[in-house]
Amino acid sequence: MSSDLSVLLVLDLAGTFAFALNGALTAIRIVRVDIVGTVTLGMLTAMGGGILRDVLMGSLPPTTFSDYRYLVVAALGSLVAFAFARALGRFGTTIDVLDAAGLSLFAATGTAVALDFGLGAGQAVILGAISAVGGGTLRDVTVGRVPVVLTSELYAIPALSAAVLVVAASALGVYGLTAALVAAGTCFALRLAGIRFNLHAPQPRQAPRDRG
Amino acid sequence: MSSDLSVLLVLDLAGTFAFALNGALTAIRIVRVDIVGTVTLGMLTAMGGGILRDVLMGSLPPTTFSDYRYLVVAALGSLVAFAFARALGRFGTTIDVLDAAGLSLFAATGTAVALDFGLGAGQAVILGAISAVGGGTLRDVTVGRVPVVLTSELYAIPALSAAVLVVAASALGVYGLTAALVAAGTCFALRLAGIRFNLHAPQPRQAPRDRG
Amino acid sequence: MSSDLSVLLVLDLAGTFAFALNGALTAIRIVRVDIVGTVTLGMLTAMGGGILRDVLMGSLPPTTFSDYRYLVVAALGSLVAFAFARALGRFGTTIDVLDAAGLSLFAATGTAVALDFGLGAGQAVILGAISAVGGGTLRDVTVGRVPVVLTSELYAIPALSAAVLVVAASALGVYGLTAALVAAGTCFALRLAGIRFNLHAPQPRQAPRDRG
């Protein structure tokens with residue numbers, strides 16, 4: 001199991017790097033941040049979801065904050081974005097794929113962490129989704145943009161699917177590296193299909209007075 | 001006392017439903033949220049105040065998050081708003097009254113929870129008010145609107161009145177279901193009077209350069 | 001050491017007053033807040049950084065919230081801003097200097113608190129900076145303004161400098177009142193130099209499509 005755990009840690013750090021890079025680039029694109037803002041918003045994107053999860057679980061200080069490896073990897077991803085923003089702007093698709101990978105890994109590992117901590121199935125699903133989408137949401141709110149996850153695209157639903165699969169695997173007693181990868185892979189496939197086919201979650205029918 | 005507690009729990013869950021319904025409808029009116037955004041913002045409105053209170057008290061995981069009844073009721077209220085947004089848009093007054101009821105119940109029960117946890121009188125008043133107005137504030141900030149509670153109307157002041165009454169009743173050793181209902185009733189009356197007579201909290205006199 | 005500690009407490013409370021005053025005035029200038037909004041945003045500016053630090057450390061309830069002296073001083077500073085907003089608008093420079101003093105004191109004491117709590121050097125530097133800039137950031141996000149600290153000026157970098165000096169002094173075993181004042185003084189000098197000479201942190205080179 002120890003080598004399995006190493007694999008999950010490496011994947012988690014890879015997700016952290018992807019989220020920091022993408023989060024910092026997104027911040028640069030939305031507002032005229034300086035180096036402080038770029039690094040802050042990259043790290044917030046990469047670590048914010050895990051921090052929200054740990055605060056809601058009462059597991060303080062949050063792992064992603066107290067484990068220096070996450071801090072270093074998140075800072076590094078943000079600095080790469082700062083240094084190469086102009087060049088990286090041309091790799092939109094690659095970065096979308098990296099972001100989908102981060103989303104998938106965080107949803108699976110975040111749910112597993114919540115279950116390990118003793119939370120119920122419903123709470124674990126919510127915390128898995130928060131681990132995955134919380135960082136980007138905090139970044140968007142900080143720069144004054146309505147979080148994309150709340151308005152369109154398939155973003156939270158793939159994360160919720162991965163979280164449900166992890167809870168199911170755990171209930172059946174078969175949670176392990178394979179199950180984590182199946183859950184993350186499902187999220188990844190749904191997210192990429194959403195981007196490729198431009199799928200959106202359903203919207204409410206508005207009241208007439210909002211139509212004008 | 002057990003039946004008194006049951007009454008308070010039922011009232012608290014009724015307040016949760018009212019806040020989720022109203023919070024989700026408000027979100028739909030302000031931004032083009034999808035189903036994920038509607039449910040997220042409805043649940044944030046209903047549970048955010050209690051979560052802020054519990055984080056500031058250090059009582060983690062937060063009760064409203066770990067008790068599945070609050071999760072289910074908050075999700076239900078949000079889904080009703082999603083399904084019937086167009087129809088519910090016509091019941092503005094009814095929804096304002098429901099929201100005032102939620103405000104009043106959360107202010108009274110939130111203050112009592114803080115006192116039970118051993119906090120001082122000043123802290124309990126602040127946490128009672130945060131329980132009542134915190135969820136709507138988090139929703140407004142998330143969708144990029146300046147929280148209404150900070151700019152106009154009588155919203156925080158009725159909640160603070162209920163909190164002060166609960167602290168006073170507790171200091172006099174007469175806190176119980178009756179006192180909770182008196183405190184909540186006072187908040188409810190003040191809030192409805194504020195809506196009816198269009199009352200606002202006082203504003204600061206601006207510096208001349210802001211006048212133009 | 002006891003009198004040293006008293007000096008630090010007095011300085012910390014002075015910083016709290018300066019931040020509350022400046023935070024409330026800034027809020028009044030940005031949005032049409034009423035008395036509830038003025039006091040809320042003044043207190044959030046003064047206490048938000050310390051609360052974020054304590055949540056991330058897992059030291060709950062937060063000191064600035066549970067110690068009534070901080071609550072009273074923060075409320076007082078906000079009420080002074082509410083009462084004299086028009087007159088205080090003419091003292092822009094004085095208020096910038098007070099704000100720089102608050103920034104410097106919070107960066108130094110925030111870092112020391114984190115080290116005392118047993119956190120690592122990197123984490124203590126981050127938490128020192130968060131203590132100093134977190135309150136203003138929360139205020140800006142709440143009123144819908146992109147936090148100034150993320151986009152321009154020298155604001156976070158002076159705070160980080162003070163935090164690094166405190167960590168260095170602690171590692172060398174010479175942290176005390178003198179070291180705290182040297183660290184705070186360095187931050188103060190850098191901040192005032194930044195205002196005087198209009199210095200800004202470097203910005204990333206934007207991708208071409210953002211240039212138009």
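# Three chains around an axis

Colleague: I'm new to this one; how many residues of chain A are in contact with chain C, and with how many on that side?

Modeller: In this predicted model, 28 residues of chain A are in contact with 27 residues of chain C, where two residues are in contact if their C-beta atoms, placed from the backbone, lie within 7 Å. Because this is a prediction, local features are given only at pLDDT of at least 70 and side-chain atom pairs count only at pLDDT 80 or more, while totals for chains, interfaces and linings use all residues. Residues are numbered from 1 along each chain as its sequence is written, and chains are lettered from A and ligands numbered from 1 in the order in which they are written.

Colleague: Which helices of chain A supply at least two residues of that side?

Modeller: On the side of chain A that touches chain C, at least two residues each come from helix H1 (2-30), H2, helix H3 (63-66), helix H4 (68-83), helix H5 (85-88) and helix H7 (121-142) of chain A. Helices here are DSSP runs of H or I with at least four residues, numbered from the N terminus. H2(A) gives the most to this side, with seven residues.

Colleague: And by class, what does that side have?

Modeller: The side of chain A that touches chain C has 17 nonpolar, seven polar and four charged residues. In this count Ala, Val, Leu, Ile, Met, Phe, Trp, Tyr, Cys and Pro are nonpolar, Asp, Glu, Lys and Arg are charged, and the others, Gly among them, are polar.

Colleague: Let's stay with H2(A); what does it reach from its first C-alpha to its last?

Modeller: Helix H2 of chain A (residues 35-57) has 23 residues and reaches 32 Å from its first C-alpha to its last, close to the 33 Å expected at 1.5 Å a residue; the expected span is 1.5 Å times one less than the number of residues. H2(A) does have a kink of about 50 degrees, centred on Met47(A), with the bend at a residue taken as the angle between axes fitted to the seven residues ending there and the seven starting there.

Colleague: Is H2(A) mostly covered or uncovered, and what follows it?

Modeller: H2(A) is mostly covered, since 22 of its 23 residues are buried. A residue is buried if 20 or more other C-beta atoms lie within 10 Å of its own, exposed if 12 or fewer, and partly exposed in between, with C-beta atoms placed from the backbone. H2(A) is followed by Gly58(A), whose phi is positive, near 80 degrees.

Colleague: Which residues are buried in H4(A)?

Modeller: The buried residues in H4(A) include Tyr70(A), Leu71(A), Val73(A) and Phe82(A).

Colleague: Why do you say the copies meet through different surfaces?

Modeller: Only 11% of the interface residues of chain A are also interface residues in chain C, so the copies meet through different surfaces.

Colleague: Where is Gly144(C), and what does it touch?

Modeller: Gly144(C) is in the loop between H7 and helix H8 (148-151) of chain C. Not counting residues up to four places away in sequence, Gly144(C) touches Gly144(A), Gly144(B) and Val146(B). Gly144(C) is partly exposed, with 16 other C-beta atoms within 10 Å.

Colleague: Which residues does a cis peptide bond join in chain B?

Modeller: A cis peptide bond joins Leu60(B) and Pro61(B), with omega about -10 degrees, and Pro61(B) lies in the loop between helix H2 (35-57) and helix H3 (63-66) of chain B. Chain C has a cis peptide bond between Leu60(C) and Pro61(C), where omega is about -5 degrees.

Colleague: What about phi of Asn198(A)?

Modeller: Asn198(A) has a positive phi of about 55 degrees although it is not a glycine, and Asn198(A) lies in the segment after helix H10 (177-196) of chain A. Asn198(A) is exposed, with 9 other C-beta atoms within 10 Å.

Colleague: Last one: what pLDDT does chain A average?

Modeller: Chain A averages a pLDDT of 90, and 94% of the residues score at least 70; pLDDT is the predictor's confidence in each residue, from 0 to 100. Over residues 207-212 of chain A the pLDDT is below 50, and this stretch has six contacts in the model beyond near neighbours in sequence. For the complex, the predictor gives an ipTM of 0.90 and a pTM of 0.93.
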